[in-house]
Amino acid sequence: MTRLFPRLTLGLGTLAASAPMAFAQVNPTADSVREDALMQALQSGQAVTGRITIPDPNAAVLIDPGGRDWAITHSGTLFWITIVAILGMLALLVVFYLVRGRIRIDSGFSGRKILRFTMLERFAHWLLAFSFIILALTGLNLILGRALLLPLIGEGAFGTLSAWGKIAHNYLAWPFMLALVMVFLLWVVHNIPGRLDWIWLKQAGGLFHKGVHPPAKKFNAGQKLIFWSVIIGGALLSWSGIMLLFPGEVGSAGEWQFYQVMHAVVAAVMIAVVLAHIYIGSVGMEGAFDAMGNGEVDENWAREHHSLWVEERMSGKTTPKEERGPTATPAE
Ligand code: HEM
């Protein structure tokens, strides 16, 4: 971005100007630099640059007012976008819980089990989940930590935590990307939108009405939305994250700031989406966690939430190799 602007030269204590001006150049060998000239340059929104002999023009910038604007965006706008996304979703989930309560299996547990996810599917899911949760916490520390955590734990502990957090963030990005590719390859075929999804969405998946269970295959429309949010959001996070990991690849401070905003905003939205997912996959819905816990779900749960998938499984067309019997196996 610095290359886009013509320069204002500040040499030997004098301000030699050329219009339009956006840069002030400091002569480092000058006996003194006139402070008022520097202040003037800064107040009019110009960057102050020195003279350098290396070919990287960014390295010549001493003070960049754009950096101050950026700091305000970082600690203001991004801070509030993150807070609103997370607290907003938590508030919605609390209201949903108070209104609807835990979604029970209407017909009760049957005692018969069906294998829902193979070991490979569960491995990919938990690798994705574990890496995402640590990435989210360490990333949130960069946006919220200084305001919320530092006053609580003090500078020393905050410094140590942030340093370790940065290392964890940089290295866990790789298993996250691996898991993202695995999850995509394993489940994309079950997440192609179809006519049934529209019916499911019109009935809001029966989430708000006891006893209403629109038909669904392996994944219902709500889960497809989660899947595509995770895949698209994860891909955007990966792309912007790689750019931030290798700032040498990013041309200018402006581009670097663009990737940071993209990274932070996508992360905030994705954290909110994943919070809703974690709620439904654990306390929010009876019998759901087993699918990713030991891989087996109760047949009645499956019939209520994924009726067409159960039919397919019972017909033996889609029985995974891991399944112990040709169809459902009784619980102990
Ligand atoms: C402690 C946290 C988590 C729990 C308890 C959990 C639970 C579950 C469960 C039970 C399922 C299967 C639902 C079914 O049988 O239909 C599932 C699926 C899935 N999970 Fe998670 N999960 C967690 C974290 C995550 C995270 C952090 C991500 C992504 C970053 C994620 C992404 C997915 C995706 C894409 C699916 C398939 C689509 C869907 O069912 O919504 N999960 N999860």
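A residue counts as buried when its relative accessible area is under 20%. That cut-off is needed at the opening stop of this tour, which passes through a predicted model.

**His169**

Select His169, which is placed in helix α4. Its relative accessibility is 19%, so His169 counts as buried. Display its surroundings next: leaving out residues up to four places away in sequence, His169 touches Leu135, Thr138, Gly139 and His263.

**The whole chain**

Now show the entire protein as a cartoon. The secondary structure comprises 10 helices and eight strands. Of the 332 residues in the protein, 41% are buried. Consider the contacts with a separation of 6 or more: residues 24 or more positions apart account for 68% of them.

**The iron atom**

Select the iron atom of the ligand. Which protein residues are its donors? They are His125 and His277, each through NE2, and they lie 2.0 Å from the iron atom. Colour helix α3 (residues 119-148) and helix α7 (residues 253-281) to see where the two histidines come from: His125 belongs to α3 and His277 to α7, so the pair ties together parts that are 152 residues apart in sequence.

Is His125 buried or exposed? With a relative accessibility of 14%, His125 counts as buried. His277, at 34%, counts as partly exposed.

**Glu121**

Remain in helix α3 and select Glu121. Its relative accessible area is 8%, so Glu121 is buried. Show the residues that Glu121 touches, not counting those up to four places away in sequence: they are Arg116, Leu186, Trp187 and Lys218.

**Helix α2**

Select residues 65-100, which form helix α2. This helix has 36 residues and reaches 51 Å from its first C-alpha to its last, close to the 52 Å expected at 1.5 Å a residue. Centre the view on Thr73, where α2 bends by about 35 degrees.

Next, show side chains along α2. Its buried residues include Trp70, Leu78, Phe79, Ile83, Ile86, Met89, Leu93 and Phe96. An α-helix has 3.6 residues a turn, so residues three or four places apart point the same way. Against which elements do the buried residues of α2 pack? They pack against α1 (35-43), β4 (47-50), β5 (61-63), α3 and α7. Beyond the end of the helix, select Gly101, which follows α2 and has a positive phi, near 70 degrees.

In soluble globular proteins, nonpolar side chains tend to be buried together. Here, the largest nonpolar core has 57 residues, and those with the most contacts inside it are Phe132 and Phe176. Colour the elements that give two or more residues to this core: α2, α3, α4 (150-187), α6, α7, α8 (290-293), α9 (299-305) and α10 (307-314). The largest share, 11 residues, comes from α7.

Zoom in on Phe176. Setting aside neighbours within four places in sequence, Phe176 is in contact with Leu128, Ser131, Phe132, Leu135, Gly234, Ser238 and Met270.

**Ala204**

For the last stop, select Ala204 in the loop between α5 (195-202) and α6 (221-245). Most residues other than glycine have a negative phi. The phi of Ala204, however, is positive, near 50 degrees. Its relative accessible area is 28%, so Ala204 is partly exposed.

Note on methods. Residues are numbered from 1 along each chain as its sequence is written. This is a predicted model: local features need pLDDT of at least 70, side-chain atom pairs count only at pLDDT 80 or more; totals for chains, interfaces and linings use all residues. Side-chain values use heavy atoms; hydrogens and water are left out. Donors are N, O and S atoms within 2.8 Å of the metal (3.2 Å for Na, K and Ca); water is not among the atoms, so sites may look incomplete. Helices (H or I, at least four residues) and strands (E, at least two) are DSSP runs, numbered from the N terminus. Buried means under 20% relative accessible area, exposed over 50%, partly exposed in between (1.4 Å probe, protein chains only). The expected span of a helix is 1.5 Å times one less than its number of residues. The bend at a residue is the angle between axes fitted to the seven residues ending there and the seven starting there. Contact means heavy atoms within 4.5 Å. A nonpolar core is a set of buried Ala, Val, Leu, Ile, Met, Phe, Trp, Tyr and Cys residues joined through side-chain atoms within 4.5 Å.
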